[in-house]
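Student: Can we go through this model together? I would like to start with the sheets and then move on to the rest.

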Amino acid sequence: KRIHRLIDYCNFEIVNNEYQFVSEDYEDYKNSKNKGSIIHWLPINKELVKVNILLENGKTISGFGEISMSKLKVGEVIQLERFAFCSLVKKNEDQLTFWYLHK
């Protein structure tokens, strides 16, 4: 069994296709012999904004971000945690579009 971590929240295992809570302590994940993935997540009970990231190869990655990202101004550069630096290039009421800059 591998121990996975929801970043800044808790550790869990997948047993018989079910998610089982292990602990909240990051050290339990860090010291695990069978480390799985660190997973970024957003709670479903919060307001979210749609995010598109235009990659250098012409492809687009789509996902969601925290609503606070809506306060960004076009041209601002941010670091998307554990992914890359991106620049906001287009801002609509319900969607943000970024250019991928670099890792």
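This is a predicted model: local features need pLDDT of at least 70, side-chain atom pairs count only at pLDDT 80 or more; totals for chains, interfaces and linings use all residues.

Student: Fine. What is the strand order in the open sheet of 4 strands?

Tutor: The order is 3-2-1-4, and the pairing is mixed. Strands here are DSSP runs of E with at least two residues, numbered from the N terminus, and two of them pair if DSSP finds at least two bridges between them.

Student: Which are the edge strands?

Tutor: Strand 3 (18-23) and strand 4 (35-39), each of which pairs on one side only. The twist from one strand to the next averages 30°, where axes are lines fitted to C-alpha atoms and angles run from 0 to 180 degrees between N-to-C directions.

Student: In which sense do strand 1 and strand 2 pair, parallel or antiparallel?

Tutor: Antiparallel, over 3 bridges, with strand 1 covering residues 3-6 and strand 2 residues 10-15. Leu6 stands opposite Cys10 in strand 2, and His4 has Phe12 of strand 2 as its bridge partner.

Student: And strand 1 with strand 4, parallel or antiparallel?

Tutor: Parallel, again over 3 bridges. Ile3 stands opposite Lys35 of strand 4 there.

Student: Back to strands 1 and 2. How many residues lie between them in the hairpin?

Tutor: There are 3, and Asp8 in the turn has a positive phi of about 60°. Most residues other than glycine have a negative phi.

Student: Is Asp8 buried or exposed?

Tutor: Asp8 is exposed, at a relative accessible area of 68%. The classes are buried under 20%, exposed over 50% and partly exposed in between, with a 1.4 Å probe and protein chains only.

Student: What about the phi of Asn16?

Tutor: Asn16 is not a glycine, yet its phi is positive, about 50°. Asn16 sits in the loop between strand 2 and strand 3 and is exposed, with a relative accessible area of 71%.

Student: How many bridges join strand 7 and strand 8?

Tutor: They pair in the antiparallel sense over 4 bridges, strand 8 being residues 84-91. Val77 stands opposite Ser87 of strand 8.

Student: Switching topic. How much space is in the largest pocket?

Tutor: About 730 Å³. A pocket is an open set of points on a 1 Å grid over the protein atoms alone, where a 1.4 Å probe fits, with protein on both sides within 12 Å along at least five of seven lines; lining residues have an atom within 4 Å of a point. Grid points are joined across faces, edges and corners, and the volume is the space filled by probe spheres set on the points.

Student: Which residues are closest to the centre of that pocket?

Tutor: Of the 23 lining residues, these are His40, Leu42, Phe64, Gly65 and Glu81.

Student: Which strand gives the most to the lining?

Tutor: Strand 6, with 6 residues. Strand 5 (48-54), strand 6 and strand 7 each supply at least two.

Student: Last one. How many aromatic pairs does the structure hold?

Tutor: The structure holds 4. In one of them, the rings of Tyr9 and Trp41 have centres 5.3 Å apart and planes at 50°, so the pair is tilted. Rings of Phe, Tyr and Trp (its six-membered ring) pair if their centres lie within 6.5 Å; planes under 30 degrees apart count as stacked, over 60 as edge-to-face and the rest as tilted.

Student: Where do Tyr9 and Trp41 sit?

Tutor: Tyr9 is in the loop between strand 1 and strand 2, and Trp41 is in the loop between strand 4 and strand 5, 32 residues apart. Tyr9 is partly exposed at 43% relative accessible area, and Trp41 is partly exposed at 35%.

Definitions and conventions: Residues are numbered from 1 along each chain as its sequence is written. Side-chain values use heavy atoms; hydrogens and water are left out.
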